[in-house]
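Please open the model in a viewer and follow the selections below in order.

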Amino acid sequence: MIKRLFWAAACAAMLLSCASNDKKDEAEEIQLMNAEDFKTEIDGKSTSLYTLRAGDLVMQVTDFGGRVVSLWVPDKNGDYEDIVLGYNNIDSYVHNKGERFLGAVVGPYANRIADGTYTIGEETYEFPKNNNGQTLHGGNNGLDMVVWDVENVNDSTLVLSYLHADGQEGMPGNLKIRMTYALTSANEFKIDYEAVTDKATHVNISHHSFFNLKGEGNGTINDHILYINGSKTTPVNEVLIPSGEIADVTDTPFDFREPKTVGQDLEVEDEQLKNGGGYDHNWVLDRKTPDQMELAASVYEPASGRFMEVYTDQPALQFYGGNFFDGTTEGKYGRALKYRESIALETQKYPDTPNHDNFPSTLLNPGETYTHSCIYRFSTK
């Protein structure tokens, strides 16, 4: 009896030791950003860095622009990499010299508004033209360039809010926004948005993490295998404004209904690829329901085995293949952020909808609530 008790205790101790070693290995492998490097004051509001954990995921977020700074995900062997692009201090985000939208929430109108203007009723509104004569992602000081208020935070969830004031960046209405970031035990990064207004306004909020399933700065994403559940796109002109056409992807480089590598058709002679410098387009999703969570896209990186699925209740998805990175800026770990080494998959409504009557409406009226949910789910295979 004593021998049996001894061996039971020994086995239990070994199991605890193994578990402890696993946690220790994980802790050694994950390089958390220093919270002190994310403390500053912007427009009278202090900034901070928050660390969330659930399942096998570890994520760091700053309240400046609701930016995901890092997201650590294991591969098929249990080895971790940080799979989102970012910087290692707040100053690099505030005074960025490269890509502005790393890891951020974008809006109040994500994507582009043609000529920086739209009309509601009899009133025409004008916005900063911050991208080739167009308004991109909310203007010069969109949701990515402000400090959000932290309503609640715990080990796995961060709730942020922001009042986008009437007339800010020219946009109508006091828009009260609430955004929840949550990691789940199912290895999901879940984002929920809610917004209400006191004046009619157009709303299209999205998330703009740049992913590389090999890890930040670890090489091309053209060998990532991409699936998009969309049989149509909204073609664009040379400054990436939709023409208003809804185009079938059949027999074009834009057909990802059967998974293929991102780079498979990049060299095909195609006007839309030329206009976007590669892929930087909006897909109309083939939805089965009007507003339930459905699979929009997936990405697989064969070497690591990392697999990411994207679910949403929105009608569309912007896929951007990192065409405008030039390698002149460094990411968190001293590696250059290079051309076509990241991928953005932004769930959304259509770009420039206020100027196209045939696109599903983005108008939010007083008394209505804008909602939007997105899930990035991680696994290996």
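Strands (E, at least two residues) and helices (H or I, at least four) are DSSP runs, numbered from the N terminus. Two strands pair if DSSP finds at least two bridges between them. This is a predicted model, in which local features need pLDDT of at least 70 and side-chain atom pairs count only at pLDDT 80 or more, while totals for chains, interfaces and linings use all residues. Residues are numbered from 1 along each chain as its sequence is written, and side-chain values use heavy atoms, with hydrogens and water left out.

Select β14 (residues 175-183) and β15 (residues 188-196), an antiparallel pair joined by eight bridges. Together they make a hairpin with four residues between the strands, and Asn187 in the turn has a positive phi of about 60°. Within the pair, Tyr181 has Ile191 of β15 as its bridge partner.

Now widen the selection to the open sheet of nine strands, with antiparallel pairing and the order β12-β13-β14-β15-β28-β24-β23-β18-β21. β12 (149-153) and β21 (260-261) are at the edges with a single partner strand each, so one side of each lacks a neighbour in the sheet. Move to β18 (residues 225-228) and β23 (residues 294-301), which pair in the antiparallel sense over four bridges; Tyr227 stands opposite Ser298 in β23.

Finally, select Thr47, in the loop between β2 (45-46) and β3 (49-54).
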